Amino acid sequence: MSKRKEQSHRVKVVLQRLREKMNRQMAGSLVACVHCGMCTDSCHYVLANPDDPTYAPAYKADKIRKLFKRHLDWTGRVFPWWVKAEGIYSDEDLEELKDTVFGKCTNCRRCSLNCPMGVDMATFNRMARGLLVSVGIMPEGVAVVSKDQWEIGNQMGVLKEDYLETLEWMSEELRDELGDPQFTIPVDRTDCEIVYAINPREVKYDPRTIADAAKIFYLTGENWTMPSDCWDMTNFGLFSGDDELGGAVARRLYEKVIELRGKKLVMSECGHGYRSTRCEAPNWAQFDVPFEMESSVITMLRYISEGRIRVDKTRNTEPVTFHDSCNNARSCGMFEEPRELLKLVVTDFREMYPNRAENFCCTGGGGAMSMSEYTPRRLKSARIKAEQLRATGAKIVATSCHNCVDGLTDLIRHYELDMEVTQLVNLVANAVIVEKKVAVPAAGPPKPAPLAGKTILVADDEPDQVAWLSTLFADHGAKVVEACDGDQALELARTHKPDLLTLDLAMPGKSAGEVFELIRREPQLADLKVCVISGRPELRKTIYDRSVKPPEGYLDKPVTEERVLRSVRKVLELAHDDGK
Amino acid sequence: MSDLLHFAEHRLQEMALAFMFLVYTVRIIWLLRFRAARERQAPTGAPDTSVSSAVLHSWANIAMPWAMESTRKKFFLYLQFVVFHLGVAAAIILSFIIPYGPGLLEHRWVVRLIQGITAAACVVGVMRLARRVANPHMRAISSPDDYFSLGLLVVWLFFAVLAAPNDTSREGPLLAFFLLTAFFLVYVPFSKISHYLYYPFTRYYLGKTLGHRGVYPVRRRPRAV
Ligand code: SF4
Ligand code: SF4
């Protein structure tokens, strides 16, 4: 008699959770697939890997379905082999499932909308992720981000002081731009019309979006505020499938808005954040939200249509296309508003095909940007998106999602497209007409160059990039030292004792991570500030996972002069010195 | 008519039907025992979308090949689907006409109509089987049940073509048709063929979810090319 296979402890827990998590809608999706294959070509992974049937949505779904059929569906117990009902036993089986549910699907829901039977693959794929997460089986990046969101309260581990300091820094930038020395981004004001919550990526890598939104609120005379804590509107629970995390994260934000007695929660442009906070999290948290919630896209559109701000679209003349985030379009029905808004603020809008609910994923969805082990797969599947983008002939792709910004930036670089990614808020802020209160400056001595007296070490293996950065810094008064690999960077840091090191992450010689850690651990270099300038977001973890103080700045390539200077001045704490 | 054929057309069918209904009832109760998730979010999407219109859209989806990219791009497969399912419906109707309304088959055009539809469906069934075997993506997702169900349906449709004239002087095709019909009635609840039971169910929930989120009814702008 053959011995019954033993299930590992983790497998037992997974199966127990499967029983608890199963609901009627998911059970329907799990029994209804007829293996017709109509969904196959709707998946970007399949289109980019036409010879590999393991990417077919139904094939991936069957990896989850077989468990359901074997353990929860009595018809699958009658003749399991006949209907592909299979049990799982070992932790290796769970690892294999991980590879499918995290590494071969971005939960984009495109197949769900193309299934004649209404099988919602993305929903049960998310559930399967959650089952694995509950027993600690997940990509490392998912574990790190989830931990940050549980413990620090936001996905990127941004500390409260850094967040508040960034708001203050952006306030200073805007004082000059708006000509209002009293301007400040309001924090924790009570009884406001709008409480504005953002994505931590904005604090860490893209503070200009905060300033742009603040500028728009200011110009409308809006009564608004940002919270001092619980300000993260993103929710990694959507990606990890962990409803408990999803519910807890959203509840913090909901309770903060209630505490501030805000009338409406407006969320900055983030597809998964909007979907989580606006749509899914009231269910995860079992919380009946007593206030309105809105995407900032809708808010900006309303401001323009009500005449609260005026815009001049001739300030955005480059051809612009729009990428629909899967979460906004396929899961929240938001596809017309961004188009209406774009047509008001750009002169040359070009539609991308297919679009709206049929658009292809940016390939960075479902938390894919945090799972560096799957980067090659992700970039290969991105060919479909790259072809879509290229066909538009646009120079700018606008999107309403920070995740998509990262995903698109990465694929644009990989496929060498001549394009930049931006968010709608940046285009609106650029087009908005500011009736500036002009303060006539008193005549005085000429201002010194902003980087005068500073030494900057530029470490990058691309000669063009080194030359560009060196010229930029030298033109602004800095003394510049150049290194083309990791070993040289370390050596020059020791000999020249610069004030700032701009560090590329992909260099020959000693890895950037090692160089960074050695610098951090060397007492003589304790004052050296580091600003990472990299085109490889998947390498972020090689820096941030080290148990040393994180870098003072981080910029994603491609960079503009303005972004580099603003960031460098901030890192060198010169941002406030010259009133700029 | 032999006793065996009479039994196959009547008593056997009735027993098989009763069994099928019993298993289906159990199946529906089983499905309904899974909890229905409560929706707490306020609706999103365009103001003119509603859950009821979305559910209707979702149910009608099957008759709207323009509503999904998959059916637009694979229109030939969609046509095959239509023909195949019409053929199955015609064969089911035939299994009721022969025992309970054989007079209808005295009209030559009725026989020809049923034969035409079932024959076309039988050919489509063979094509679908060939696709399932030849296409690596289809092979990868197919279970033994998928091949068996489709293969047997092709055989059943073939016998439906032969049984349609209801010629009791040649009992073989009639007997084969009714024995297969009875087998299907018993087998279907355990196989993929029961998907028609799930269709209203899954599409209701998808319509409800996506309607609440303003995604359904699908709004699509025509392609530029
Ligand atoms: S289209 Fe639907 S029923 Fe057909 S294989 Fe895909 S998930 Fe299954
Ligand atoms: S949800 Fe998206 S990525 Fe996942 S299988 Fe479906 S189409 Fe592919």
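Guide: Gladly! A residue is near a molecule if one of its heavy atoms lies within 4 Å of it. Please keep in mind that this is a predicted model.

Visitor: Which residues are the closest to ligand 2?

Guide: The shell around ligand 2 holds 13 residues. The closest residues are Cys43(A), Cys105(A), Cys108(A), Arg109(A) and Cys111(A).

Visitor: How many residues of the shell around ligand 2 are nonpolar, polar and charged?

Guide: Cys counts as nonpolar and Arg as charged in this scheme. Sorted that way, the shell around ligand 2 has three charged, three polar and seven nonpolar residues.

Visitor: Now the two chains. What area do chain A and chain B bury between them?

Guide: Chain A brings 68 residues to the contact and chain B brings 64 residues. Of the area buried, 58% is on carbon and sulfur atoms. The total for chain A and chain B is about 5,700 Å².

Visitor: How many salt bridges does the rule find across the interface of chain A and chain B?

Guide: A salt bridge needs a side-chain nitrogen of Lys or Arg within 4 Å of a carboxyl oxygen of Asp or Glu. Glu69(B) and Arg110(A) form one, with their closest N and O atoms 2.5 Å apart. Across the interface of chain A and chain B, the rule finds seven salt bridges.

Visitor: How many residue pairs are in polar contact across that interface, and which helix gives the largest share of the side of chain A that touches chain B?

Guide: The rule finds 34 residue pairs in polar contact between chain A and chain B. Helices that each supply at least two residues of the side of chain A touching chain B include α1 (9–21), α2 (24–32) and α14 (271–285) of chain A. The largest share, seven residues, comes from α2(A).

Visitor: Is Leu206(B) buried or exposed?

Guide: Leu206(B) sits in helix α10 (residues 195–212) of chain B. Beyond its neighbours in sequence, Leu206(B) touches residues of both chains, among them Gln25(A), Asp120(A) and Tyr216(B). Buried means under 20% relative accessible area. Because its relative accessibility is 2%, Leu206(B) counts as buried.

Visitor: Why is helix α24 of chain A largely enclosed by the rest of the structure?

Guide: The buried residues of α24(A) pack against α23 (486–496), β11 (500–503), β12 (529–534) and α25 (540–544) of chain A. Among the buried ones are Val515(A), Phe516(A) and Ile519(A). Helix α24 (residues 512–521) of chain A is largely enclosed because seven of its ten residues are buried.

How values were computed:
Residues numbered from 1 in each chain as written. Chains lettered and ligands numbered in written order. Predicted model: local features only at pLDDT ≥ 70, side-chain atom pairs only at ≥ 80, totals over all residues. Heavy atoms only, no water. Buried < 20%, exposed > 50% of the residue type's maximum accessible area, 1.4 Å probe, protein only. Helix = DSSP H or I, 4+ residues; strand = E, 2+ residues; numbered from the N terminus. Contact = heavy atoms within 4.5 Å. Buried area = accessible area lost by both parts, 1.4 Å probe. Polar contact = N/O pair within 3.5 Å; in protein donor to acceptor, adjacent residues only side chain to side chain. Lists of a residue's contacts leave out its neighbours within four places in sequence.
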